[in-house]
Each structure stands twice: as structure tokens, then as C-alpha cells.
Amino acid sequence: MLALLVSLTVLTLAFTLTRLSGDLAISIAGPAATQEDVEMVRRAYGLDRPLLQQFFSWVGRAAVGDFGESFFFRARVSDLILERMPVTLTLGLVGLCIALVVSIPMGILAAVRENTWVDRLVQLVAMLGQAMPGFWLGLIMMIFFGLQLGWLPVSGTGSWEHYVMPGMVLAFSAIPALTRLTRSGMIQALGSDYIRTARAKGLSRFSILFKHALRNAALPVVSIASVQLGFMLGGSIVIESVFALHGVGFLAWESITKNDFPVVQAVVLVLACIYIALTLAADMLNALLDPRLRG
Amino acid sequence: MKKAGLYVGLAILVLVALAAILAPWIAPHDPYAQDLNNRLAVPFWMEGTNPANLLGTDQLGRDYLSRLLYGARVSLIIGVLTVIVSGVIGITLGVLGGFFGGRVDDVVLFLITTRLAIPVVLVALAVVGLFGSSAVLVVTVLGLLLWDRFAVVARSTTMQVRGLDYVSAAWAAGCSTPRILLSEILPNILSHLAVVATLEMALAILLEASLSFLGLGVPPPLPSWGLMIAEGRDFMFFSAWVIWIPGIALFVLVLGINLLGDGLRDLVGGRA
């Protein structure tokens, strides 16, 4: 219910966003257009109709996945997005995997060695990661791995190697939060009664850490991880344009610079809906992992 | 150890703030003055440097140190103003939701959920793209987008405070609702909000740099650090320092603000 309401609000916002700037027909027709050209554009794109009518016709078509035609690419917006979506999703998943692989062990290590130098080092690394400007890190990696070592391609979409650097940069944005959450979850779990019981039973350290403690500490990590994936997909616009990775973010950036508002509207909407779906999925996944949450 | 982080963070912030305030007096050159005969001069640690340009010059021959100092102004002003705008919005919503509960709280929760579903960078870029880049617009857009954490923390801390004895005492003494909100609730949640303010300021500074980097933030020739990185990008493979210098400045400032916030969080003792 809430999710539906939120989607509708985002729909309205996405529409309003593109009408805020005044006369769209003038910006589409370009600076060299005459008065007749502008009138023609206005009629061709249906911009002469009342605003409310434009809104409802857009919503009606958006609901069935029809976002109209791009002004610049001369193609259907839905095709453009579908074509680019795999790149962005791959990037997001690669980023999330790297983030999880780095942050869960770091968080566990910090929790096991709480208040020692190991713990402080992990927290410092998380702190450094949080302050790192992603686009800058991307450029520095390009210089280092791309130019000086020649290990990885600097830009483009061709092969899996193209996803390594952007994935690492994107992972950086999620590592601090995931590490902290794993650490605090593990500290809480390790201090609880059932762990004391497990220790008293003489279970191995491995089994205590990974079978008993991590299972409980993982719950908040799972929900934050899916939320972070949503943020990553939204934030990939910067990374994709740094690495010229032809995903949805790059498409959005191109469309913004070219005043191609049907595409911008659609990308905002699609990303918001993915985020909403991810938070719902996180709730369901948690219910699956934690029998206590099943109603 | 934790206190050390607080002091280091504070020191960095004070240092950058001083550089920003004193820029007109300590900058060796005009940050806008071009000198096309002196393009991409190298900084002091490289061979063939010119002592007149301690950190070298950019692709138009503008003094890099002067631009860096003036750039601190852009980052800090945008950071502070964004926090003020988003703070006013988020705290108002959060306190109202947390204090009144019920329907009011439902609306506030709905607004927070909606805000979280909106992709910040994309919408900020789109708005700046439509209206044309300006510093005022960047502050407005970021302020309107970054209030969620303020609202979440203000809401939860207000809920904790509203049932405490001194609030009941104020009710019994016949204080009006606005008065209770402003002089009983707000001062007591302020320390938690200060932590949020540092986090949001750091985020706002990073986002401004990202937007400017993509050409949709503050307009050139303003010396924004993000813009400096964007302008240096074409030369980074041959003169890597043109992106190292502004990037490190940005990283250190954001790190300082985050350290300060982390230290404050430990002092406050809460989970903001």
C-alpha cells in the first residue's frame, strides 16, 4: 500500500520535474528555430494540450511500460532503457558482491577483535572509504591500473574486464556502512546468551562464529545490502559517465545534457521503482531468514 | 584514540575554513587570471617548477594554489547552506512526526519513504540540467533532497524525549505546544542532530563536487574542486597532479568532517 502510494508520488514528481523549466517546445526546437517550428514541435509532441491531460496520458502509457519516444535518439524510450539496463544491473551486482566480500570479513574481524588495533584499523578504513569521492577514485584507478600497469581497459563496455574498476569504485560507496553494520551486529550477537550456551557446549570457534553469530548478525546486513544496491543503481550515473560505460546512468546523463525529457522522466521513474521493489524484497528475504518475523 | 579523531577532524575543518575565509589575502594570484604562456606548470615537488606557482597552473595557466584556496569557499559555503536548508526541513518534519504521532507521523513517514526512493544524483543533475548551472540552484536542490536523515533522527529522538518528566512538567505548567517543541524538545535533541549535520555536510560537499565534475554543478570559471578535477581530466594521463591536488583536498576535507561527526557521536553516546 505504502509502496504504491510512493510510486504514484514519484510518478507525479517525475512529470513535474520536466515541466518546471518553462516551455519545453522551445528547448526541443533549439535556438535556431522559428516561431512556426516551435508551434509544429508543440503540436507534434502534444504539448499544446492542457497539462492535466498530458499528465494522465503519460501516466496511462507509463503504467504499461510505454514512455513515448526519445527526442534525441529517435527510438522508443522503453527500448533504450531495456537495452542499457543489463549493463547497469551487472555493474550494481558486481559492486554489491565486491562490497559484501570485503565488508563482511572486515566486520567480523573487527567484532572478534573488538577494541584492539585490528578493530580500530577496520574502522579507520571504513572512515577513509566514506570520504572517498567516487568519481575521483575512478580517475586515479584509470591512471594506475589502466595506464601505468596496463591491466584493465580504461573505458567502454566490451568485456567483463570493463566492469572491474567501476565495480570496485561503486563498492567503495557501500563498504563503510556494510562493515559497520556487520561489526555492530556481530558484537551484539557474540555477547548474547545463546553464544555463551554454544561455547559452553564446546562447539568449535568456527561453528560459533559462522553458524550461530553470523546468522543473526546478517539480518540487518541483508536489508541494508539491498537498499545499498538501490543507491548504487541510482549513483551509478556518475561512475558510468567516468568510465563511459553505456548503461542507464550514462543514458540519463546524455539525455539530461540534450534536454531529452521523456528519457530523463522514465529513468527517474524506473530507478525509483527498482528501489521500492528492492526494499520490499529485503523485507521478504528477512522474513525468510528469520522465522520470528513470519506473521 | 576516539578523542584523537575528534581533534584531528576539528583541526582539518578549522584549517580549511581559515583557508576559505582568508583566501583573498593568502592566495598568491588571482584565481581567474589566465596566462596562456604558462599552462600546466608543474607543482613544487617536480622538476622544472616555478616558485611563483607553488602548486603549478591549470590548462589555462591559472594558479592552482589560488584556485584551490578559493575552491575551499565553494565547498564549505555549499556544504553549510545545504545543511541549513535540509536541516530546517528534516528537523521540522521529524519533530512534528515524533511529537504528535498518529496521522501526522504517518504523513512524515510517507514523505521520508518517498524521498528515499528518489535517486538523488539523477534528480539533482536533471534539475540543474533544465535550469542551467548555478551555485544557488545546487544548494536548493541538495537542500530539498538531503533532509531524510535529519527527519529520521529528529523523529526517533523526539519520541524518546516527549514522555520524559521535564516535558510533562512543562505541560503541567501550562506551556503552549510550540513553546514545548522549541524550548523543551529541540534543545534536548540538538546534540544528536549535530552529528547528522556533519554527515550531511560531508555528503553535500561530495555531491556538489560530483555534480560539478559532470558539468551540472556550479558553473565555470568558479574554482570548485569537482570542476577542477573535470577540467584536469583531459590532461590526467600526462600531468596526473592536476587531478591529484583537488581530489586530495576534497578527500581530506570530507574525512575531517566525518571524523568530527564520529567523535561527536561518541560524545553524545547515541546512535545517530
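Is B:Asp262 buried or exposed, and what is its relative accessible area? In this predicted model, B:Asp262 is buried, with a relative accessible area of 14%. That value falls under the 20% limit for burial.

**Salt bridges**

Over all chains, the whole structure contains 9 salt bridges.

| Side-chain pair | N to O distance |
|---|---|
| A:Arg76 and A:Asp79 | 3.8 Å |
| B:Arg62 and B:Glu231 | 3.5 Å |
| B:Arg265 and B:Asp262 | 3.4 Å |

The buried B:Asp262 has B:Arg265 as its salt-bridge partner. Both residues belong to helix H10 of chain B (residues 241-268), and because they are 3 residues apart there, about one helical turn separates them.

In chain A, the salt bridge joins A:Arg76 to A:Asp79. A:Arg76 is partly exposed, at 40% relative accessibility. A:Asp79 is likewise partly exposed, its relative accessible area being 39%.

The remaining pair in the table brings the side chains of B:Arg62 and B:Glu231 together at 3.5 Å, N to O. B:Arg62 and B:Glu231 are both buried.

**A nonpolar surface patch on chain B**

B:Leu10, B:Val14, B:Leu18, B:Ile21, B:Leu22, B:Trp25 and B:Ile26 make up a nonpolar patch on the surface, and together they have about 700 Å² of accessible area. One of these residues, B:Leu18, is located in helix H1 of chain B, which covers residues 2-26. B:Leu18 has a relative accessible area of 43% and is therefore partly exposed.

**Overall description of chain A**

The secondary structure of chain A consists of 12 helices and 0 strands. The C-alpha trace of this chain spans about 85 × 55 × 30 Å along its principal axes. Chain A has 295 residues, of which 48% count as buried. When contacts between residues at least 6 apart in sequence are considered, 72% of those in chain A join residues at least 24 apart.

Chain A carries 21 positive and 18 negative side chains, and a distance of 16 Å lies between the centres of the two sets.

Conventions
Residues numbered from 1 in each chain as written. Chains lettered and ligands numbered in written order. Predicted model: local features only at pLDDT ≥ 70, side-chain atom pairs only at ≥ 80, totals over all residues. Heavy atoms only, no water. Helix = DSSP H or I, 4+ residues; strand = E, 2+ residues; numbered from the N terminus. Buried < 20%, exposed > 50% of the residue type's maximum accessible area, 1.4 Å probe, protein only. Contact = heavy atoms within 4.5 Å. Lys, Arg positive; Asp, Glu negative; His and termini not counted. Charge placed at Lys NZ, Arg CZ, Asp CG, Glu CD. Patch = residues over 30% accessible without salt bridge, like charges linked within 9 Å, V, L, I, M, F, W, Y side chains within 5 Å. Areas by Shrake-Rupley, 256 points an atom, 1.4 Å probe, with all protein chains shown as cover. Salt bridge = Lys/Arg side-chain N within 4 Å of Asp/Glu carboxyl O.
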